Amino acid sequence: MFIEKNANPWGVNEEDCMIRAITLATGKDYMDVHDDMLQLAYDKDWDITELRTGWTYLVNNGYEALDFDECKCTVKQYATEMKEPRVVVVKGHMTFTEKGNIYDTWNCSKYRVKYAFRKSNSNNAY
């Protein structure tokens with residue numbers, strides 16, 4: 001089920017989907033995630049909105065990437081099957097799923113999952 005949720009403290013949607021998704025997944029403060037990702041992007045000479053910035057931030061914070069090249073499931077299918085918290089990447093967007101729900105500012109449930117991130121200590125099969 002899609003649940004409209006905006007982790008941005010100002011309630012705006014400004015190409016910050018990675019920050020919003022990571023904030024929801026980690027439970028960290030939005031501005032802390034923003035500032036940490038901004039510093040990471042600066043240090044690497046990347047842009048804060050690049051997937052590699054979010055990817056590196058997640059890995060540095062104890063998450064592992066799951067590749068879905070062979071799986072053609074949608075975000076809705078994945079969220080329904082995988083109840084554990086996940087940061088999910090679709091083409092050009094990052095979202096957060098947990099307990100069968102998709103938390104985001106818009107409904108991306110029909111998009112195909114490209115990658116998902118889970119806490120490294122998770123024992124889930126997916």
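Colleague: Which backbone oxygen does the side chain of Thr23 reach?

Modeller: Keep in mind that we're looking at a predicted model. In it, the side chain of Thr23 reaches the backbone oxygen of Ile19, at 2.7 Å. Thr23 itself sits in helix α1.

Colleague: Is Thr23 buried or exposed?

Modeller: Look at the relative accessible area: under 20% is called buried. Thr23 has 9%, so it is buried. Leaving out residues up to four places away in sequence, Thr23 touches Ala7, Lys28, Asp29, Tyr30 and Val33.

Colleague: Which residues of α2 are buried?

Modeller: Here's the general idea: an α-helix has 3.6 residues a turn, so residues three or four places apart point the same way. In α2, the buried ones are Tyr30, Val33, Met37, Leu40 and Ala41. They cover an arc of only 100° around the axis, which puts them on the same side of α2. Tyr42 and Asp43 are exposed on the other side.

Colleague: What do the buried residues of α2 pack against?

Modeller: They pack against two other helices, α1 (17-26) and α3 (51-60).

Colleague: And what can I look for at the start of α2 and just after it?

Modeller: At the start, check Asp29: one of its side-chain oxygens comes to within 3.0 Å of the backbone nitrogen of Met31. Just after the helix, look at the backbone of Asp45, which takes a positive phi of about 60°.

Colleague: How many residues are in the largest nonpolar core?

Modeller: To trace a core, follow buried nonpolar residues joined through their side chains. The largest one here has 21 residues, and those with the most contacts inside it are Ile22, Met37, Leu58, Val87 and Met94. At least two residues come from each of α1, α2, α3, β3 (86-90) and β4 (93-98). With six residues, α1 gives the most to this core.

Colleague: Which residues does Val87 touch?

Modeller: Setting aside residues up to four places away in sequence, Val87 touches Ala21, Ala25, Leu58, Met94, Thr95, Tyr115, Ala116 and Phe117.

Colleague: You mention cysteines. How many disulfides are there?

Modeller: A disulfide is a covalent bond between the sulfur atoms of two cysteines. With a cut-off of 2.5 Å between the sulfurs, the count comes to zero. Take Cys108: the closest cysteine sulfur is that of Cys17, at 9.2 Å, which is too far for a bond. Cys108 counts as buried because its relative accessibility is 0%, and Cys73 counts as buried at 9%.

Colleague: One more residue, then. Where does His93 lie, and which side chains does its side chain make polar contacts with?

Modeller: His93 lies in strand β4 and counts as buried, at 8% relative accessibility. Its side chain makes a polar contact with the side chain of Asp104, at 2.5 Å, and another with the side chain of Trp106, at 3.5 Å. Leaving aside neighbours within four places in sequence, His93 is in contact with Cys17, Arg20, Val88, Asp104, Trp106 and Cys108.

Methods:
Residues are numbered from 1 along each chain as its sequence is written. This is a predicted model: local features need pLDDT of at least 70, side-chain atom pairs count only at pLDDT 80 or more; totals for chains, interfaces and linings use all residues. Side-chain values use heavy atoms; hydrogens and water are left out. Buried means under 20% relative accessible area, exposed over 50%, partly exposed in between (1.4 Å probe, protein chains only). Helices (H or I, at least four residues) and strands (E, at least two) are DSSP runs, numbered from the N terminus. The arc is that of the directions from the helix axis to the C-beta atoms. Contact means heavy atoms within 4.5 Å. A polar contact is a pair of N or O atoms within 3.5 Å; within protein, one must be able to donate a hydrogen and the other to accept it, and residues adjacent in sequence count only if both atoms are side-chain atoms. A nonpolar core is a set of buried Ala, Val, Leu, Ile, Met, Phe, Trp, Tyr and Cys residues joined through side-chain atoms within 4.5 Å.
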